[in-house]
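Have a look at the model first, then read on.

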Amino acid sequence: MILLTAILGLGVTAWALNDNKAIDSTVNLHDADEASQTEVFWDYNGSRPLNSTDHILPEKYSYAANQNLGCDQSTAFCQIKAPVLAGSSPAQPDLSAPSTIPGQNIQDRIEDAQLNGPNETVTMKN
């Protein structure tokens with residue numbers, strides 16, 4: 001009986017530890033190595049309609065722990081996906097980081113979205 005209780009205890013402990021990893025999916029913004037290698041979501045806080053530079057200024061974005069489900073892929077900047085700019089405080093997106101499109105960085109993809117609409121980096125809304 002004691003052995004059975006011990007085995008069940010270990011199983012519950014392992015399950016709890018694994019379950020907590022699934023819940024904690026946010027990036028540690030204070031761990032520069034982890035943050036600079038992980039793309040996270042950033043809410044756009046710049047002017048609407050866009051002026052000539054707000055959308056390409058890192059300080060016009062704020063960290064978002066999750067994807068904004070209110071972004072509906074329409075016409076106005078809503079959110080971007082980018083790694084954290086190393087050493088930024090408060091945290092800012094690294095717009096010079098490479099994008100998933102060869103030869104283009106995050107800023108290139110933001111500028112493309114301004115001309116052509118949402119893409120893999122930029123989410124838009126009405």
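The chain has 3 helices and 4 strands. Keep in mind that this is a predicted model. Reading from the N terminus, the elements go α-α-β-β-β-α-β. Of the 126 residues in the chain, 30% are buried. The accessible surface is about 7,900 Å², and carbon and sulfur atoms hold 56% of that. Among contacts with a separation of 6 or more, 54% link residues 24 or more positions apart.

Now for the sheet. The 4 strands make an open sheet, ordered β2-β1-β3-β4, with antiparallel pairing. β2 (61–64) and β4 sit at the edges, each pairing on one side only. On average, neighbouring strands are turned by 30 degrees against each other, ignoring direction. β3 and β4 run antiparallel and are joined by 4 bridges; F77 has M124 in β4 as its bridge partner. Then there's α3, which packs on the sheet and touches β2, β3 and β4. The direction of α3 makes about 160 degrees with that of β3.

What sits in the largest nonpolar core? It has 16 residues, and W42, Y61, F77, I80, I106, I110 and V122 touch the most other members.

I110 is a handy one to click on: leaving out residues up to four places away in sequence, I110 touches H55, I56, Y61, F77, I80, L95 and V122. In soluble globular proteins, nonpolar side chains tend to be buried together.

Technical notes:
Residues numbered from 1 in each chain as written. Predicted model: local features only at pLDDT ≥ 70, side-chain atom pairs only at ≥ 80, totals over all residues. Heavy atoms only, no water. Core = buried A, V, L, I, M, F, W, Y, C linked by side-chain atoms within 4.5 Å. Buried < 20%, exposed > 50% of the residue type's maximum accessible area, 1.4 Å probe, protein only. Contact = heavy atoms within 4.5 Å. Helix = DSSP H or I, 4+ residues; strand = E, 2+ residues; numbered from the N terminus. Areas by Shrake-Rupley, 256 points an atom, 1.4 Å probe, with all protein chains shown as cover. Pairing = 2+ DSSP bridges. Axes fitted to C-alpha atoms, helices over the stretch in contact; angles between N-to-C directions.
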